[in-house]
Amino acid sequence: MPKRRDRVLIAGGGIGGLATAIALGRRGIDAEILERSAFSEETGAGIQLGPNATRALSALGVLDAIEPHAFRPEAISIYDGISGRKLSSVPLGKATEQRYGAPYLTLHRADLHAGLRAVAESLAPLVLRPGFGVTAIDAQGGDVVARAGDGSEAKGASLIGADGLWSAVRPLIMPEARLRFTGASAWRARLPRSSLPSPFDAPVVGLWLGPGSHLVHYPVCGGDDLNIVAVTEGGAARQGWNQSGSAETLLAGFTRWTKDSKSLLERAATWRNWSLYRLTGLRRFSEGRIALLGDAAHPVLPYLAQGAALAIEDAVVLAACIAASPGDAPSAFRRYERLRRPRASHVQRLSRRFGWLYHMSGPLRLARNLVLARRSEETALQRLDWLYRNEDGRA
């Protein structure tokens, strides 16, 4: 085993935090995860993992743990929500795996979280501390000391804030950064897949485009259920991502859609709702011996399905940087930012652009549909090479 180095504290026991702990553990570096909850992942949410994410999970030894619960969609089928016409298709399945050397998976977020936790717990002496919400950080002495609201403390050589969009670590070290409401809201629901008519029962990721709104659906839980995500422009700015949502409010954003294309929305009786935000004013990813990772550093709008993938990539690169600079966390963190920021910023920009393309109306919508209809499947997949062929998460 490699010589063990000083312990790294990780604030946040979600996907990014657990992936970081695993990446560090694989390099013989101790980690302690400080998680405000009881390490339980929110239920009812699905997740898409492109080949860049599954390649990283394979390197971490996690892919085998999640594959029994995952689904391998055959394609992304793109539809116009107003006419109901199929516009284009992006091949996935074997085509994706052969091209990129890793699969495209869809699964329940809780299944990914459970797989990560199981692997992390096998890497002793990793410490998991539930019920520890970081409220203060002191990095002035020899140790970085994290404190919780009840007065308890954790000490390490450095600290990584992997605590998501609503990070508690970020304002402690960079109070100038601000979350800004984008003016759009997202909704999610889940249905048994066996009861659904065509085309919603197909083994694909379905993407429906419409003026000011769009709809995505894909199989989860090994194919038993269908996860549904809808995004509409408008709504109020609310914190959190698990609010109760009104079906009537959601359907008001799809009034122009054909009956066939919005019938899936009408089947779901219960919806969860969250507001979409972007982060402004974050000048750097680290401050001394404290660094940010995943959504805490570079939240991504959901139009490219890359939020979790970027956090997993971050984990792999950050662990490599820490291992390459033992005892010098500031240097390791600066190198991590140099490697990761260009790629994360590019994905952020492209995600915003895709949101604009998805929600086009009028003549722009018709022009977009014409371009998609004329595009070959090979061209559609080739346009993702920059994203999916990335070997180690570096730009």
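Here are legends for a few views of this predicted model.

View 1. We start with 13 helices and 19 strands in the chain. The radius of gyration is 21 Å, close to the 21 Å that the globule rule gives for 395 residues, so the chain is as compact as a globular protein of that length. Along the principal axes, the C-alpha atoms fill a box of roughly 65 × 45 × 35 Å. Of the 395 residues, 54% count as buried.

**View 2. Charges and surface.** Count up the charged side chains and you get 50 positive and 37 negative; the centres of these two sets sit 6 Å apart. The accessible surface comes to about 16,100 Å², with 49% of that belonging to carbon and sulfur atoms.

View 3. The chain has 10 aromatic pairs. One of them is Phe-254 with Trp-257, an edge-to-face pair at 4.7 Å centre to centre and 70° between the planes. Both Phe-254 and Trp-257 are buried.

**View 4. Tyr-303 and Tyr-358 across the sequence.** Here the ring centres are 6.1 Å apart and the planes stand at 85°, so this pair is edge-to-face. Tyr-303 lies in the loop between strand 19 (290-292) and helix 9 (307-324), while Tyr-358 belongs to helix 10 (residues 329-358), so the pair ties together parts that are 55 residues apart in sequence. Tyr-303 counts as buried at 10% relative accessibility, and Tyr-358 counts as buried at 11%.

**View 5. A cluster of rings.** Tyr-79, Phe-200 and Trp-208 are linked into a cluster by ring pairs.

Note on methods: Residues are numbered from 1 along each chain as its sequence is written. This is a predicted model: local features need pLDDT of at least 70, side-chain atom pairs count only at pLDDT 80 or more; totals for chains, interfaces and linings use all residues. Side-chain values use heavy atoms; hydrogens and water are left out. Helices (H or I, at least four residues) and strands (E, at least two) are DSSP runs, numbered from the N terminus. The radius of gyration is taken over C-alpha atoms; the globule rule is 2.2 Å times the number of residues to the power 0.38. Buried means under 20% relative accessible area, exposed over 50%, partly exposed in between (1.4 Å probe, protein chains only). Accessible areas come from the Shrake-Rupley method with a 1.4 Å probe; for residues, only the protein chains shown count as cover. Lys and Arg count as positive and Asp and Glu as negative; His and the chain ends are not counted. The place of a charge is taken as NZ of Lys, CZ of Arg, CG of Asp or CD of Glu. Rings of Phe, Tyr and Trp (its six-membered ring) pair if their centres lie within 6.5 Å; planes under 30 degrees apart count as stacked, over 60 as edge-to-face and the rest as tilted.
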